[in-house]
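Okay, thanks for making time, everyone. Let me put the structure up and walk you through it.

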Amino acid sequence: MQALRTAATGMAAQQMNVEVISNNIANMNTVAFKRQRAEFQDLLYQTYEAAGTQSSDQGTIVPTGVQVGAGVKAGAVYRVETQGSLTRTDNPYDLAIDGRGFFQVLMPSGETAYTRAGNFSVNDQGQLVTQDGYQIQPAISIPGDAVSVTISKTGQVQVQQAGQTNPSVVGILELATFVNDGGLKALGDNLYQETAASGAPTSGTAGSTGIGVLVQGYTEASNVDAVAEITALIVAQRAYEMNSKVISTADNMLATANQVKA
């Protein structure tokens with residue numbers, strides 16, 4: 001029976017849905033994490049009687065026809081790019097992006113990756129780096145005798161060095177934007193990579209048109225809503241159970257048919 005295969009596709013779809021939801025919940029406290037949402041599409045339909053076909057010699061037509069679907073499939077796992085709340089840390093190297101944009105990260109391979117996680121540190125050479133030690137681009141180096149670091153909303157990095165009266169500018173952080181943020185490929189470690197779907201990056205100064213501003217001493221929290229995720233998890237679980245019930249019912253119907261034939 002087709003019902004067995006149809007219900008099986010429903011169970012597989014809800015299994016993926018639960019996996020996406022579980023990943024959201026697991027990353028509730030991940031800096032700048034963006035929740036994902038599984039989206040589904042119906043499968044091909046078997047047409048027993050096409051709508052609009054002639055049903056009599058007088059020219060009457062069938063108004064709706066008879067079509068039976070074959071189930072469901074995963075259409076996409078969409079990343080929701082809404083802004084997460086800003087969490088105060090008081091760490092001068094922590095930066096949150098308020099608005100659109102990504103920090104640019106130089107990978108060991110020489111490629112550029114992108115992130116919204118601004119929980120940065122300085123390495124042994126004074127360079128501003130991610131938690132994995134990847135250098136931020138454009139490169140920012142903090143002098144070893146710096147007594148304070150100030151980063152403006154537009155990304156200008158100023159340091160006050162010991163024995164000096166006036167602060168000095170050591171660099172300017174730029175942000176990258178994409179036409180389609182959802183098209184970026186997630187690499188893990190809070191990093192994303194450019195794809196054909198995302199379009200090419202456009203770099204610019206924070207605070208300029210279409211680019212967010214930087215907030216020093218804050219990080220962006222994940223945009224996961226615990227209540228919404230638990231609710232979605234319950235709905236997915238019930239949908240999975242109902243599909244399993246369909247399989248059980250179809251199996252009972254087949255068993256009854258076999259008994260009648262015997």
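Predicted model: local features only at pLDDT ≥ 70, side-chain atom pairs only at ≥ 80, totals over all residues.

Residues are numbered from 1 along each chain as its sequence is written, and side-chain values use heavy atoms, with hydrogens and water left out.

So, helix 1. It runs over residues 2-26; helices here are DSSP runs of H or I with at least four residues, strands are runs of E with at least two, and both are numbered from the N terminus. How far apart are the end C-alpha atoms of helix 1? They are 36 Å apart, which agrees with the 36 Å that its 25 residues should span at 1.5 Å a residue. The expected span is 1.5 Å times one less than the number of residues.

Which residues of helix 1 are buried? The list is A7, G10, M11, A13, Q14, N17, V20, I21 and N24. Buried means under 20% relative accessible area, exposed means over 50%, and partly exposed is in between, with a 1.4 Å probe and protein chains only.

A3 also lies in helix 1, but A3 is partly exposed, because its relative accessible area is 28%. Setting aside neighbours within four places in sequence, A3 is in contact with V246 and A250, contact being heavy atoms within 4.5 Å. The C-alpha atoms of A3 and T249 are separated by 9.2 Å, and those two are 246 residues apart along the chain.

On to charges. How many salt bridges does the structure hold? Seven, counting a side-chain nitrogen of Lys or Arg within 4 Å of a carboxyl oxygen of Asp or Glu. One joins the side chains of E229 and R35, at 2.8 Å from N to O. That pair links distant parts of the chain, 194 residues apart: E229 is in helix 2 (residues 226-261), while R35 is in the loop between helix 1 and strand 1 (36-42). E229 counts as buried because its relative accessible area is 2%.

Then there's R37 with E39, at 2.7 Å, N to O. R37 is partly exposed at 35%, and E39 is partly exposed at 29%. E81 and R79 also pair up, at 2.9 Å, N to O; here E81 is partly exposed at 26%, whereas R79 is buried at 6%. Finally, K34, R116 and E220 are linked in a salt-bridge network.

Next, Q160, which sits in strand 13 (residues 156-161). Is Q160 buried or exposed? Buried, because its relative accessible area is 18%. Beyond four places in sequence, Q160 touches D145, A146, V147, S148, T165, N166 and P167. A polar atom of the Q160 side chain also lies 3.5 Å from the backbone oxygen of T165.

Last stop, the surface. Y48, V66 and V68 form a nonpolar patch with about 270 Å² of accessible area together. Areas come from Shrake-Rupley with a 1.4 Å probe, and for residues only the protein chains shown count as cover. Patch members have over 30% relative accessible area and no salt bridge; like charges are joined within 9 Å, and nonpolar side chains (Val, Leu, Ile, Met, Phe, Trp, Tyr) within 5 Å. V66 is in strand 3 (residues 66-69) and is partly exposed at 36%.

Key: Polar contact = N/O pair within 3.5 Å; in protein donor to acceptor, adjacent residues only side chain to side chain.
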